[in-house]
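Colleague: I am new to this one. Could you show me how to read it, one feature at a time?

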There are 2 protein chains.
Amino acid sequence: MIRVKLTLSYVGTQYHGWQIQNNATSVQDTLQKALSQLYHIPISVQGCSRTDTGVHAKLFVCHFDACESIPMVKLPLALNALLPGDISAQFAQIVPNTFHARFSCKGKTYCYRVHNSRLRNPFEEYRSFFWSYPLDAMLMHREAQAFLGEHDFSAFMASGSEMENTVRRIDRFSVDRIGDVIEFRVTGNGFLYNMVRIMVGTLIYASMGKLDRSLSEIIQSRDRTLAGITVPPQGLYLEEVHY
Amino acid sequence: MIRVKLTLSYVGTQYHGWQIQNNATSVQDTLQKALSQLYHIPISVQGCSRTDTGVHAKLFVCHFDACESIPMVKLPLALNALLPGDISAQFAQIVPNTFHARFSCKGKTYCYRVHNSRLRNPFEEYRSFFWSYPLDAMLMHREAQAFLGEHDFSAFMASGSEMENTVRRIDRFSVDRIGDVIEFRVTGNGFLYNMVRIMVGTLIYASMGKLDRSLSEIIQSRDRTLAGITVPPQGLYLEEVHY
């Protein structure tokens, strides 16, 4: 048996996230069926993280154990022939048995796309969050630097989440405007549930002048009610997984 | 009554083209329903062209006659509230009654997108034509210059089409690679049925070394069988309408 590290891209719109669920189609489920068909034995895959319904992955990493019957260079193309058009295998390599897509992960980069324009762009439907009031990307970029470093991010976790350790380290946060799309890009060693979406919603509130406290104060408060909205999943893209 | 020139964008994937059809949803049909709801009287719209099932429009122009009840500056936003997410009104203006979206049109610009990569990109599904063999954009750009000027384009018309005058003028044709997407962009005074899609298919064949004749010879032959394939609709975008 060999361990295979597999890199995917997927459009999340049609899936109830990565993780297998009862009575709902997930990416994991769809991938396992294709792999099991390819290898003629049941294959189970381990993903680098759960993603929510509607969240996309420009790059998602998973691993599985299988026999050596299929050369790695041929695997993505062979697998894509069995996968639907909204999931595509990009790269496969043999890794040591100690590699684990989730537990070996040292960090991740997410991108959140906001379509900031007076009028909707139909090509952005399901691919970004539409926000029609003018936003200041420069201001949000400056504010976002308060997230850098190691903090207890309880204020940026979905209320009701159970998590023993709520300390995470953010290594990089940039906010850039490209035409009428604003890209929020954040790299960290881990993220609490809905953390990226609440950070983006809080920066939007900062730009709208809707926050009563500074970002540093909100982080320190550990109080979810002081942060901004949770922006919707369709703007979120897992972009890189760092090992 | 005033005449309104309305500019739209739409993702064509879910529609059987622009034109109203029996038992199939069209963009025209969807737009007319929204306009009729907005103006509280039946409104019929005239489009600048028919587009096929699955073809997109970054910019589509139509016109309709209505009372002056809604200010032009408010029309796009009001209309978008009634339109589905894959159609969006962008701009409205009052024009003279002599303006006709189709008959006043002096030319159009189409873009055709080919995703040219070894592996599929799920974000390009329904948005481009996937072609996995390497294509030479520089070669196709050079070859495409043979289309410029006024020609009988019978060789680039869907076989079986009835058209009295098959002479059209092409003013500009460019082929550019942006990463793994090749954009074919063509401006002309008019286009025969499937003409852009056959021109692109023929340039792809030229790059693949699959053509027995030069492009000039194929144009002169007026013989559809000498040209290349008709590439599928999902890569085609109406991009500009010139008046």
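Predicted model: local features only at pLDDT ≥ 70, side-chain atom pairs only at ≥ 80, totals over all residues.

Colleague: Which residue stands opposite A:Gly188 in β9(A)?

Modeller: That is A:Ile170.

Colleague: How many residues lie between β8(A) and β9(A) in the hairpin they form?

Modeller: There are two, and A:Gly179 in the turn has a positive phi of about 65°.

Colleague: Which other strand pairs with β9(A)?

Modeller: Strand β5 (residues 107-115) of chain A does, also over eight bridges and in the antiparallel sense. In that pairing A:Thr109 stands opposite A:Thr187 of β9(A).

Colleague: How should I read the side chains of a strand?

Modeller: In a regular strand they alternate between the two faces of the sheet. In β9(A), one direction is taken by A:Val181, A:Glu183, A:Arg185 and A:Thr187, and the other way point A:Ile182, A:Phe184, A:Val186 and A:Gly188.

Colleague: Are those residues of β9(A) buried or exposed?

Modeller: All are buried, whichever way they point. Strand β9 (residues 181-188) of chain A is largely enclosed by the rest of the structure, because eight of its eight residues are buried.

Colleague: Now the two chains. How much area do chain B and chain A bury between them?

Modeller: The figure is about 2100 Å², with 54% of it on carbon and sulfur atoms. B:Leu119, B:Arg120 and B:Phe123 supply 35% of the area that chain B buries against chain A, more than any other three residues. The contact takes 26 residues from chain B and 26 residues from chain A.

Colleague: Last, a single residue. Where does B:Tyr126 lie?

Modeller: B:Tyr126 is in the loop between β5 (107-115) and β6 (129-130) of chain B. B:Tyr126 has a relative accessible area of 46%, so it counts as partly exposed.

Colleague: Which residues is B:Tyr126 in contact with, leaving aside neighbours within four places in sequence?

Modeller: They are B:Thr13, B:His56 and B:Gln234.

How values were computed:
Residues numbered from 1 in each chain as written. Chains lettered and ligands numbered in written order. Heavy atoms only, no water. Contact = heavy atoms within 4.5 Å. Buried area = accessible area lost by both parts, 1.4 Å probe. Buried < 20%, exposed > 50% of the residue type's maximum accessible area, 1.4 Å probe, protein only. Helix = DSSP H or I, 4+ residues; strand = E, 2+ residues; numbered from the N terminus. Pairing = 2+ DSSP bridges.
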